[in-house]
Amino acid sequence: MSGEVLDVVQRLVLSAPGEVVVLVLAVAVALPAPDVDLWAIRLLHHRSILTHSVLLPLLVSWFLPELGPAAVAGVSLGVAVHLAADLLSPSHGFGRVYWPEPFQVSLGRWSALWLMLNALGASWLAVAVLPAGEAWRYLAAGVGAVAAVGYGLRKERSVLSALVALGVVAAGHAPRWWLG
Ligand SMILES: [Zn+2]
(Lines give C-alpha, C1' and ligand atoms only; values in the text may rest on other atoms or scores of the structure.)
Protein backbone atom coordinates (compact mmCIF):
# COMPACT_ATOMS: atom_id res chain seq x y z
CA MET A 1 0.00 0.00 0.00
CA SER A 2 1.19 3.51 -0.73
CA GLY A 3 1.98 5.74 2.22
CA GLU A 4 -1.09 7.87 1.66
CA VAL A 5 -3.52 4.91 1.65
CA LEU A 6 -1.80 3.47 4.73
CA ASP A 7 -2.19 6.83 6.45
CA VAL A 8 -5.94 6.92 5.71
CA VAL A 9 -6.39 3.30 6.86
CA GLN A 10 -4.47 4.02 10.04
CA ARG A 11 -6.58 7.11 10.79
CA LEU A 12 -9.79 5.09 10.24
CA VAL A 13 -8.57 2.24 12.45
CA LEU A 14 -7.53 4.62 15.22
CA SER A 15 -10.84 6.53 15.25
CA ALA A 16 -13.04 5.48 18.20
CA PRO A 17 -15.69 3.56 16.18
CA GLY A 18 -12.87 2.09 14.09
CA GLU A 19 -11.17 0.75 17.20
CA VAL A 20 -14.40 -0.87 18.42
CA VAL A 21 -14.72 -2.69 15.08
CA VAL A 22 -11.04 -3.67 15.22
CA LEU A 23 -11.46 -5.03 18.77
CA VAL A 24 -14.46 -7.17 17.84
CA LEU A 25 -12.86 -8.43 14.61
CA ALA A 26 -9.61 -9.22 16.39
CA VAL A 27 -11.48 -11.32 18.97
CA ALA A 28 -13.30 -13.21 16.21
CA VAL A 29 -10.07 -13.89 14.30
CA ALA A 30 -8.09 -14.86 17.41
CA LEU A 31 -10.64 -17.24 18.95
CA PRO A 32 -9.75 -20.17 16.63
CA ALA A 33 -6.22 -18.87 15.86
CA PRO A 34 -4.19 -21.06 18.29
CA ASP A 35 -5.31 -24.10 16.32
CA VAL A 36 -3.44 -22.92 13.19
CA ASP A 37 -0.87 -25.41 14.48
CA LEU A 38 -3.05 -28.01 12.70
CA TRP A 39 -1.89 -26.49 9.39
CA ALA A 40 1.76 -27.19 10.27
CA ILE A 41 1.20 -30.27 12.33
CA ARG A 42 4.43 -32.04 11.28
CA LEU A 43 6.45 -29.09 12.50
CA LEU A 44 4.41 -27.91 15.46
CA HIS A 45 2.24 -30.82 16.70
CA HIS A 46 -1.28 -29.98 17.84
CA ARG A 47 -1.54 -27.75 20.88
CA SER A 48 1.73 -26.17 19.99
CA ILE A 49 3.40 -24.25 22.81
CA LEU A 50 4.01 -21.46 20.28
CA THR A 51 0.38 -20.91 19.27
CA HIS A 52 -1.16 -21.83 22.64
CA SER A 53 0.51 -18.95 24.45
CA VAL A 54 0.59 -15.15 24.81
CA LEU A 55 2.99 -15.09 21.84
CA LEU A 56 0.19 -14.39 19.31
CA PRO A 57 -0.96 -11.05 20.82
CA LEU A 58 2.68 -10.08 21.43
CA LEU A 59 3.45 -10.72 17.74
CA VAL A 60 0.53 -8.46 16.77
CA SER A 61 1.82 -5.70 19.03
CA TRP A 62 5.40 -6.06 17.70
CA PHE A 63 4.72 -6.48 13.99
CA LEU A 64 1.37 -4.72 13.43
CA PRO A 65 1.54 -1.68 15.75
CA GLU A 66 -0.38 0.32 13.07
CA LEU A 67 -3.53 -1.57 14.07
CA GLY A 68 -3.42 0.07 17.49
CA PRO A 69 -4.06 -1.21 21.02
CA ALA A 70 -7.61 -2.43 20.29
CA ALA A 71 -6.20 -5.08 17.93
CA VAL A 72 -3.73 -6.31 20.56
CA ALA A 73 -6.49 -6.33 23.19
CA GLY A 74 -8.86 -8.22 20.88
CA VAL A 75 -6.30 -10.87 19.94
CA SER A 76 -5.37 -11.23 23.63
CA LEU A 77 -9.03 -11.77 24.55
CA GLY A 78 -9.59 -14.31 21.78
CA VAL A 79 -6.48 -16.29 22.74
CA ALA A 80 -7.39 -16.10 26.46
CA VAL A 81 -10.84 -17.59 25.82
CA HIS A 82 -9.44 -20.30 23.52
CA LEU A 83 -6.80 -21.36 26.05
CA ALA A 84 -9.33 -21.28 28.89
CA ALA A 85 -11.59 -23.64 26.93
CA ASP A 86 -8.65 -25.94 26.06
CA LEU A 87 -7.85 -26.10 29.77
CA LEU A 88 -10.71 -28.51 30.39
CA SER A 89 -9.59 -31.24 28.02
CA PRO A 90 -7.66 -34.10 29.64
CA SER A 91 -3.85 -33.85 29.75
CA HIS A 92 -3.18 -36.76 27.42
CA GLY A 93 -2.86 -37.11 23.64
CA PHE A 94 -3.88 -33.90 21.90
CA GLY A 95 -4.90 -32.46 25.26
CA ARG A 96 -1.22 -31.83 25.99
CA VAL A 97 0.86 -28.85 24.95
CA TYR A 98 3.83 -29.71 22.71
CA TRP A 99 7.22 -28.24 21.89
CA PRO A 100 7.82 -27.86 18.11
CA GLU A 101 10.37 -29.80 16.05
CA PRO A 102 13.02 -31.04 16.68
CA PHE A 103 11.80 -31.83 20.19
CA GLN A 104 8.09 -32.70 19.82
CA VAL A 105 7.85 -33.62 23.48
CA SER A 106 4.82 -32.62 25.49
CA LEU A 107 4.63 -30.65 28.71
CA GLY A 108 2.73 -33.64 30.13
CA ARG A 109 0.81 -32.80 33.25
CA TRP A 110 2.26 -29.27 33.16
CA SER A 111 0.13 -28.64 30.06
CA ALA A 112 -2.87 -27.45 32.08
CA LEU A 113 -0.70 -25.09 34.14
CA TRP A 114 0.83 -23.68 30.95
CA LEU A 115 -2.62 -23.11 29.42
CA MET A 116 -3.93 -21.51 32.60
CA LEU A 117 -0.99 -19.13 33.07
CA ASN A 118 -1.07 -18.09 29.42
CA ALA A 119 -4.86 -17.68 29.43
CA LEU A 120 -4.58 -15.43 32.49
CA GLY A 121 -1.59 -13.60 31.00
CA ALA A 122 -3.44 -12.94 27.74
CA SER A 123 -6.54 -11.81 29.65
CA TRP A 124 -4.46 -9.40 31.73
CA LEU A 125 -2.65 -8.14 28.62
CA ALA A 126 -6.00 -7.39 26.95
CA VAL A 127 -6.93 -5.01 29.77
CA ALA A 128 -3.42 -3.61 30.21
CA VAL A 129 -3.00 -2.48 26.58
CA LEU A 130 -6.44 -0.87 26.21
CA PRO A 131 -6.57 2.86 25.53
CA ALA A 132 -7.27 5.01 28.59
CA GLY A 133 -10.89 5.34 29.73
CA GLU A 134 -13.34 3.17 31.61
CA ALA A 135 -15.56 2.79 28.52
CA TRP A 136 -12.86 0.66 26.89
CA ARG A 137 -12.71 -1.63 29.90
CA TYR A 138 -16.49 -2.12 29.93
CA LEU A 139 -16.44 -2.77 26.21
CA ALA A 140 -13.60 -5.31 26.51
CA ALA A 141 -15.34 -7.01 29.43
CA GLY A 142 -18.60 -7.22 27.46
CA VAL A 143 -16.99 -8.48 24.25
CA GLY A 144 -14.86 -10.92 26.28
CA ALA A 145 -17.93 -12.25 28.12
CA VAL A 146 -19.82 -12.78 24.85
CA ALA A 147 -16.79 -14.52 23.33
CA ALA A 148 -16.35 -16.73 26.42
CA VAL A 149 -19.98 -17.83 26.55
CA GLY A 150 -20.28 -18.17 22.77
CA TYR A 151 -17.07 -20.17 22.38
CA GLY A 152 -17.69 -22.34 25.43
CA LEU A 153 -21.25 -23.23 24.48
CA ARG A 154 -20.95 -23.40 20.69
CA LYS A 155 -17.45 -24.73 20.08
CA GLU A 156 -16.86 -26.77 23.23
CA ARG A 157 -20.57 -27.44 23.95
CA SER A 158 -19.85 -27.12 27.63
CA VAL A 159 -21.33 -24.83 30.27
CA LEU A 160 -18.27 -25.44 32.45
CA SER A 161 -16.00 -24.38 29.59
CA ALA A 162 -18.02 -21.16 29.19
CA LEU A 163 -17.77 -20.50 32.94
CA VAL A 164 -14.00 -21.10 33.06
CA ALA A 165 -13.52 -18.78 30.07
CA LEU A 166 -15.71 -16.15 31.75
CA GLY A 167 -13.59 -16.47 34.89
CA VAL A 168 -10.41 -15.95 32.87
CA VAL A 169 -11.85 -12.85 31.17
CA ALA A 170 -12.91 -11.46 34.56
CA ALA A 171 -9.50 -12.27 36.08
CA GLY A 172 -7.86 -9.98 33.50
CA HIS A 173 -9.73 -7.08 35.06
CA ALA A 174 -8.98 -8.07 38.66
CA PRO A 175 -5.58 -6.34 39.02
CA ARG A 176 -7.19 -3.00 38.11
CA TRP A 177 -10.00 -3.45 40.63
CA TRP A 178 -7.50 -4.19 43.37
CA LEU A 179 -5.12 -1.42 42.44
CA GLY A 180 -8.03 1.02 42.02
ZN1 LIG B 1 -6.43 -25.21 20.91
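Is Arg 157 buried or exposed? I looked it up: Arg 157 is exposed, at a relative accessible area of 72%. Exposed is over 50%, buried under 20%, partly exposed in between (1.4 Å probe, protein chains only).

Ground rules. I am working on a predicted model, where local features need pLDDT of at least 70, side-chain atom pairs count only at pLDDT 80 or more, and totals for chains, interfaces and linings use all residues. Residues are numbered from 1 along each chain as its sequence is written, and side-chain values use heavy atoms, leaving out hydrogens and water.

Backbone at Arg 157. Its phi is positive, about 50 degrees, although Arg 157 is not a glycine. Most residues other than glycine have a negative phi. I placed Arg 157 in the loop between α7 (134-155) and α8 (159-179). Helices are DSSP runs (H or I, at least four residues), numbered from the N terminus.

Helix pair. I checked α2 (residues 16-30) against α5 (residues 69-86): the angle is about 30 degrees and the axes are 7 Å apart. Axes are lines fitted to C-alpha atoms over the stretch in contact, with angles from 0 to 180 degrees between N-to-C directions. So α2 is roughly parallel to α5 (angles under 35 degrees). On the α2 side, the contact includes Val 22, Leu 23 and Ala 26; on the α5 side, Ala 70, Gly 74 and Leu 77 are among them. Contact means heavy atoms within 4.5 Å.

Record check. The unreviewed UniProt entry annotates "transmembrane region" at residues 12-31, 70-89, 110-129, 135-153 and 160-179. Such annotations may be inferred rather than shown by experiment. In the model, residues 12-31 are 85% helix, with end C-alpha atoms 24 Å apart. Residues 110-129 are 90% helix, with end C-alpha atoms 28 Å apart.

Terms used:
Helices (H or I, at least four residues) and strands (E, at least two) are DSSP runs, numbered from the N terminus. Angles under 35 degrees count as roughly parallel, over 145 as roughly antiparallel, 65 to 115 as roughly perpendicular and the rest as oblique.
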